[in-house]
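Hi,

Here is the structure I promised to pass on.

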Amino acid sequence: MATVNTPLSVWLAIFAAVSYVGYTVVRRRYFHPLSHVPGPFLWSVSGLPLFYQQAILEGQLMHVLPELHAIYGPVVRISPDEIHLSDPENYDRIHSVGSKFYKDPAFYGCMEGPLKTPIILTVIPNEDHRVRRAVLNPFFSRRSTLELEPVVRGKARKLVELIEASLLSGKEGRPGPGVFDAHHAVRAFSVDVITEYAYANCWNQMDMDDWGAGYQEAIRSVQSFFPWFLTFPFLSSVFGLVPDSVNVALFPWFKKWYDSLQVIRTAVTRVRKEISMGVVPPRRTIFHDLMDPPPFEDEGDNKKQRPRLSDEIVFADAVNVTGAGAETTGSTVGRAIFEIISNPVVYATLSQELREALPSSDPETFSLVALEKLPYLSAVIKEAIRLNPGLPGHLPRVVPVGGAGVTFNGYTVPPGTVVSMSAWTLHHNTEAFPDPERFDPTRWTNAPSPDALRAREKSMIPFGRGSRTCLGQNLALCELHYTLASIFRRFAFDGDGTGRRLGVHPDFARSDLQLVEMLLGYHPRKARKLRLIFESAK
Ligand code: HEM
């Protein structure tokens, strides 16, 4: 019998392993500083349930979190060292300017494996981040967005013309006559905007037959590594040692990812050379601001020079800006288009507002300042970002080291505890947003009281808040205003459906818009892609 022949050393090893697991479970559950925080048993003793939701089920944690809060209350232990909060009152305590909470190095560090570079999003010490962010801020300020508004306007016009051409005649290499591939086209729009805006070197994905789908898939796929690296950090180091050619052989989509990195690297080298030769660019780009930052005035009105950043940091921040600016905004534009078209009241109300405010349907005649004054358009955008936040999942921070810890809803947790909150959970807070999955712009235009509106604003955190808030918020909102105004002014609601009212292709359902999350929010791989038709063609 096998038991008779099994050497004693094997039994001892099994005994040691079982004892270690038992000891760890008991310690984490009953003698851990977070043992008083409620949460499911398995989640409190092991990181594997979280790994299972993210890696095996593909980004499902965001959907499980509201369920856990419904059972365990506003503070839930979601792994041995992490708690998740659902009370919006806690948000500003963690995410304010000057907050001493810092990003969780384990969570953000795991992104640096595939990216092979420390991007601004993943810088941990708040002081280091402040220096890097100060250089980028002016480029994405409200003032810069208004100066570069023509970039967005031009791309929005192109998008509308492509929709029109595709629906009227079709175009070679694209879906046949009468069908428009909105899923990839709106993402191509966002990539073209950010590359033109930041580098003055548009990637022209809107001109490609596949709308740059390969790159879009690459930035999605690269994130599927994150939960693996988070749970098994040694994999990240191993990955860093693997030559790019091997990665491409194993995962062909890496090719598009590396191609995009190469384009950015080449631009860094070119601009560095031009700066050293004193070449004056037709317009400054993000590279010029990072490599040769303009002087600024300090509080005493003295001219000061910002520190010059290394090429590696310039490259890293450019990679971050491109990746962060593509899927987030494109996917929100797509969701907005679907919701508007699917609801005749929303479609008709928006069309009427746009017709009355905009005499011409040519986007070249629009201005951001005028579009922002349209209350219904703004409410539609808010609902789209609420239901489709670019980063819907948990974004962990660490309770500052030193001091007595922090109390959340009656639970005191020690320094070093990982604390997270999620846009998805807050945007589905039923007190602020009754029937939260319903797309209803009147939540923002006709709130029952000023207090109700304040509660809604408090629960809206699509761009985060505080010093780590989204860098591209102004640009993202500009893109949303321009695309939606341009599309729905041109293809306005016609009442009887016989004109050029847009419709959703019958081979697409609301369930295809369900989000999964690996930092960025995505539609599941098997989901069908949003395509548009003229309603009269149905
Ligand atoms: C609807 C569109 C967008 C949403 C919902 C969104 C959301 C966010 C959120 C929540 C964060 C904070 C992440 C964290 O706490 O870890 C963030 C960071 C960031 N976003 Fe966005 N984003 C959007 C569009 C953009 C665009 C267009 C850009 C292009 C410039 C951009 C660039 C960035 C960058 C560089 C960061 C890192 C900032 C830092 O750590 O200092 N985002 N974004």
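Before the rest, two bits of housekeeping. This is a predicted model, in which local features need pLDDT of at least 70 and side-chain atom pairs count only at pLDDT 80 or more, while totals for chains, interfaces and linings use all residues. Residues are numbered from 1 along each chain as its sequence is written.

Back to the loops. Asn-204 has a phi near 50 degrees, a positive value in a residue other than glycine. Asp-435 also has a phi near 50 degrees, again positive and again not in a glycine, and is found in the loop between helix H23 (423-427) and helix H24 (442-445). As for burial, a residue is buried if 20 or more other C-beta atoms lie within 10 Å of its own, exposed if 12 or fewer, and partly exposed in between, with C-beta atoms placed from the backbone. Asn-204 is partly exposed because it has 14 other C-beta atoms within 10 Å, whereas Asp-435, with 8, is exposed.

Now the ligand. There are 26 residues around it, and Ala-324, Gly-325, Gly-390, Cys-470 and Gly-472 come nearest (a residue counts as near if its C-beta atom, placed from the backbone, lies within 6 Å of the molecule). Helix H19 (311-342) and helix H26 (473-490) each give at least two residues to this shell, and H19 has the largest share, with 7. By class, the shell has 16 nonpolar, 8 polar and 2 charged residues; Ala, Val, Leu, Ile, Met, Phe, Trp, Tyr, Cys and Pro count as nonpolar, Asp, Glu, Lys and Arg as charged, and the others, Gly among them, as polar.

Cys-470 is in the loop between helix H25 (450-459) and H26, and its 19 C-beta neighbours inside 10 Å make it partly exposed.

Finally, the largest nonpolar core has 136 residues, and Ala-185 and Val-380 have the most contacts inside it. H19 supplies the largest share of this core, 14 residues. (A core is a set of buried Ala, Val, Leu, Ile, Met, Phe, Trp, Tyr and Cys residues joined through C-beta atoms within 7 Å.)

Cheers

Note on methods
Helix = DSSP H or I, 4+ residues; strand = E, 2+ residues; numbered from the N terminus.
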